[in-house]
Amino acid sequence: METIHLKKQIEPELTIGKWFKNVYDAVRTTAIGMGITFKYVWGREVVTIEYPEVREELPSNSRSRLYNDAENCISCLQCAVSCPVDCIYIAAVKRPTDAPKIKTKDGTPIRLDLKQYTIDTALCMYCGLCTTVCPTECLTHTTDYEYASYTLASMKYDYLAPDIRAWRTRIVKS
Amino acid sequence: MHNETALKLSTLVSSSNAKAVMATLGDSNVTVDSGSILEVCRALKSEGYNVLQCITATDYADRIEITYVLADFTKNLELLLKTNVPRGDGNGNNKDTLPKINSVASVWRAADFQEREAYDMMGINFVGHPDLRRILTPDDWQGYPLRKDYIVQEKYLDMVVNPAHKINSADHMFGKNLKLEIGDPKKVSASWKSDDADPTAEEAKDGE
Amino acid sequence: MSTHHEPEDKIMLGDQEILKSDLLTLNMGPQHPATHGVLRVEIKTDSEIVVDAIPHLGYLHRCFEKHAENLDYRGIIPFVDRMDYLAAMSMEWGYALTMEKMLGTEVPKRAEYIRVLVAELQRIASHLVYFGTYGIDMGAFTTFLYCFQDREEILRLFEELSGARMLYNYIWIGGVWNDINDDQLTRVKNFVDRFEPELLKYHSLVGQNKIFIERTAHVGVLSKEQCLDFGATGPILRGSGVEWDLRKNRPYGMYEKIDFDVVVGKGEKGTVGDCWDRYYVRIFEMFESIKIIRQVLDGIEEGPVMGKVPKIIKVPAGEIYMRTECPRGELGYHLISDGGKTPYRLKVKSSCFTHVSMLPIIAPGQMVADLVASIGSIDIVLGEVDR
């Protein structure tokens with residue numbers, strides 16, 4: 001058996017005068033508080049956004065869903081290297097020498113044929129490191145934020161597949 | 001400052017063998033023998049180092065280096081105090097095989113949680129600690145995660161860690177299958193290099 | 001420090017023995033609104049009085065330090081954000097400073113100003129969350145809504161700057177990601193002009209309220225000696241009357257040129273170092289932050305926002321311990337590099353971890369309801385505690 005000593009909380013001595021002062025203070029300060037909140041009843045704008053009916057428009061450099069414009073991609077792999085969670089899968093083969101010479105929008109010659117460009121959105125943490133290193137700016141974050149899905153497999157976006165390429169008109173500006 | 005502190009320490013605690021290690025870049029430190037750490041810390045506290053900021057450990061191939069970050073809030077000083085202990089055996093959950101060092105929890109109460117964390121993460125037995133339990137991992141965890149040779153345990157409480165039916169194997173095999181399909185790509189992304197190290201992928205990482 | 005209690009132990013509260021009944025073990029958390037995250041506190045109570053409280057951590061443990069050993073130096077920044085997710089800018093700044101000191105990078109003046117600006121806005125946002133949730137702990141719901149409305153404005157600005165609402169990845173090694181434009185600077189100015197009188201109003205709504213004072217004054221008192229012994233920093237240390245602020249005492253960034261005061265708890269409503277003092281320190285730190293922001297807006301100069309950093313960062317072998325003042329206390333990064341592309345060891349000294357360790361000395365002798373007030377007043381973020 002041992003004795004445990006607990007520190008007693010300091011409680012100021014309570015006299016009858018103090019008791020009445022406490023009651024008075026409580027009423028007075030609460031009334032001040034009520035006065036402050038009362039002003040909010042009228043003349044304040046509604047700040048709540050009623051989501052499904054009203055959709056917020058994100059700022060233009062918001063980091064949401066990724067989109068790779070595969071035509072402008074030169075398969076430099078810089079995005080895959082910089083990705084901290086390794087969620088970008090790229091495969092490219094050398095372009096045959098007799099094939100016609102093609103260029104990206106900004107004039108960089110494309111020397112490799114992109115065979116696969118897949119981003120696993122389920123792994124992606126939207127840090128934005130891949131888009132900043134992209135030399136042709138084909139990989140961008142769009143402002144689209146409504147893309148929940150039921151299966152993990154559908155979170156893998158193959159940017160060469162026609163159905164995913166069809167988003168371009170919908171989510172990429174300019 | 002470090003030379004003076006080391007000199008003072010070796011006069012105050014003769015067995016400490018204190019040496020100042022001056023660095024050209026970053027922070028310098030004072031290294032002492034692990035056996036005299038408690039006396040050294042007492043001496044330093046009486047010298048004015050009134051706050052223990054943190055205790056961290058680093059795993060090297062041949063030793064574990066423990067760093068005590070001390071601060072003096074009145075004179076606005078900061079000191080890294082280092083000591084080395086042998087690595088011991090860091091597998092399993094046995095305190096006896098771990099390297100031993102005296103706890104400084106009696107000098108600064110801050111050492112209580114910091115030492116528990118160092119024990120949990122790096123496997124150092126702080127002798128004389130009031131309550132040396134694991135802090136971030138469960139009590140019956142095996143191994144010490146921040147050691148360089150740590151391998152994730154296969155079983156935890158008779159449960160298989162990462163059972164096959166819970167792994168998203170389709171995800172796991174995605175890169176591998178992709179590679180098989182494409183044939184012999186000239187370049188593949190770094191995400192693939194896990195199964196067989198591709199020299200081109202390494203090149204891509206080093207280049208530019 | 002947990003002690004083992006036998007049923008026949010004698011428990012004294014002050015100088016009188018309290019009601020002798022069996023100790024009741026009560027688990028507060030991990031899913032409990034008053035623990036602010038997944039903290040579990042094992043409480044032993046005798047009737048309504050807490051005899052012992054043992055914090056159990058690790059529910060949010062992700063082993064950030066092991067992650068960092070396998071990531072390149074730029075890739076660590078998004079992970080750093082996820083530690084104290086309510087003050088991600090401050091976390092990034094500490095990391096960036098650590099790296100810049102090792103690399104010897106010169107940061108452009110404009111970037112330094114932007115860093116101070118976003119860090120102080122972040123401090124306001126973080127303290128607003130504290131203020132709002134502390135109100136909820138004390139039974140005042142209104143301030144929560146007011147605070148989040150103001151915080152939303154800051155988050156919106158950050159979203160426009162960096163692209164994300166909470167996990168910014170904005171402060172990079174060598175500078176900041178995006179430049180801030182004049183329109184945004186005007187908005188910051190308008191915000192602080194509007195916010196300053198609002199904050200005074202909130203203070204008189206909550207802080208001066210007698211009911212709030214009764215709940216917080218003389219509760220959870222931490223003395224100066226206890227704070228130093230446990231290594232507490234930030235508003236907790238200042239609340240206990242120690243004038244210690246890294247921004248003043250070991251200035252980094254632009255803080256040397258900026259004039260502001262360190263707010264210290266004075267025991268205005270109760271004892272020095274009680275919950276009300278910690279509340280007071282945080283509220284008046286926001287006013288100091290506004291002061292700093294005004295000076296930044298006056299002093300900001302044109303120029304680039306990114307210094308020269310090699311494309312592949314290799315830190316020369318060596319080690320460094322760098323601390324910065326975050327909203328919740330001092331954050332320390334201990335980096336050991338062996339000259340490679342990834343750190344050899346990156347240890348984070350989190351202030352919240354230290355503050356959680358103080359629960360066993362705050363709790364004994366309190367009522368359970370006062371324990372809620374105490375936990376709320378030390379303001380922990382479990383992401384930083386467990387890392």
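## Close-up views of a three-chain model

**View 1. A strand of chain A meets a strand of chain C.** In strand E1 of chain C, the bridge partner of A:His5 is C:Met12. Helices (H or I, at least four residues) and strands (E, at least two) are DSSP runs, numbered from the N terminus. A word on the model itself: it is predicted, local features need pLDDT of at least 70, side-chain atom pairs count only at pLDDT 80 or more, and totals for chains, interfaces and linings use all residues. Residues are numbered from 1 along each chain as its sequence is written, while chains are lettered from A and ligands numbered from 1 in the order in which they are written.

**View 2. Strand pairs within chain A.** Strand E3 (residues 88–94) and strand E4 (residues 112–120) of chain A pair in the antiparallel sense over seven bridges. One pair to look for is A:Ala91 with its bridge partner A:Gln116 in E4. E4 of chain A is also joined by three bridges to strand E6 (residues 156–158) of chain A, and the two run antiparallel. There, A:Asp120 stands opposite A:Lys156.

View 3. B:Thr5 is found in helix H1 (residues 2–12) of chain B. Is B:Thr5 buried or exposed? B:Thr5 is buried, because 20 other C-beta atoms lie within 10 Å; a residue is buried with 20 or more such atoms within 10 Å of its own C-beta, exposed with 12 or fewer, and partly exposed in between, with C-beta atoms placed from the backbone. Leaving aside neighbours within four places in sequence, B:Thr5 is in contact with B:Val30 and B:Leu79. B:Ala20 is 15 residues from B:Thr5 in sequence, and their C-alpha atoms are 8.0 Å apart. For the chain as a whole, 38% of the 208 residues of chain B count as buried, and chain B has five helices and ten strands.

**View 4. Where chain B touches chain C.** This contact takes 29 residues from chain B and 32 residues from chain C. Strand E3 (51–59), strand E4 (64–72) and helix H3 (111–122) of chain B each give two or more residues to the chain B side. E3 of chain B provides the largest share of that side, six residues. The chain B side divides into 16 nonpolar, eight polar and five charged residues.

**View 5. Two helices of chain C, side by side.** Helix H4 (residues 109–137) and helix H14 (residues 368–378) of chain C pack at an angle of about 175 degrees, with their axes 10 Å apart. Axes are lines fitted to C-alpha atoms, for helices over the stretch in contact, and angles run from 0 to 180 degrees between N-to-C directions. H4 and H14 of chain C are therefore roughly antiparallel to each other; angles under 35 degrees count as roughly parallel, over 145 as roughly antiparallel, 65 to 115 as roughly perpendicular and the rest as oblique. C:Thr133, C:Tyr134 and C:Asp137 in H4 meet C:Val372, C:Ala373, C:Gly376 and C:Ser377 in H14.

**View 6. A three-stranded sheet in chain C.** This open sheet has the order E8-E9-E10, with antiparallel pairing. Strand E8 (318–326) and strand E10 (345–349) stand at the edges with a single partner strand each, so one side of each is left without a neighbour in the sheet. Five bridges join strand E9 (residues 329–337) of chain C to E10, and C:Tyr333 stands opposite C:Val348 in E10.

Technical notes:
Two strands pair if DSSP finds at least two bridges between them. Two residues are in contact if their C-beta atoms, placed from the backbone, lie within 7 Å. Ala, Val, Leu, Ile, Met, Phe, Trp, Tyr, Cys and Pro count as nonpolar, Asp, Glu, Lys and Arg as charged, and the others, Gly among them, as polar.
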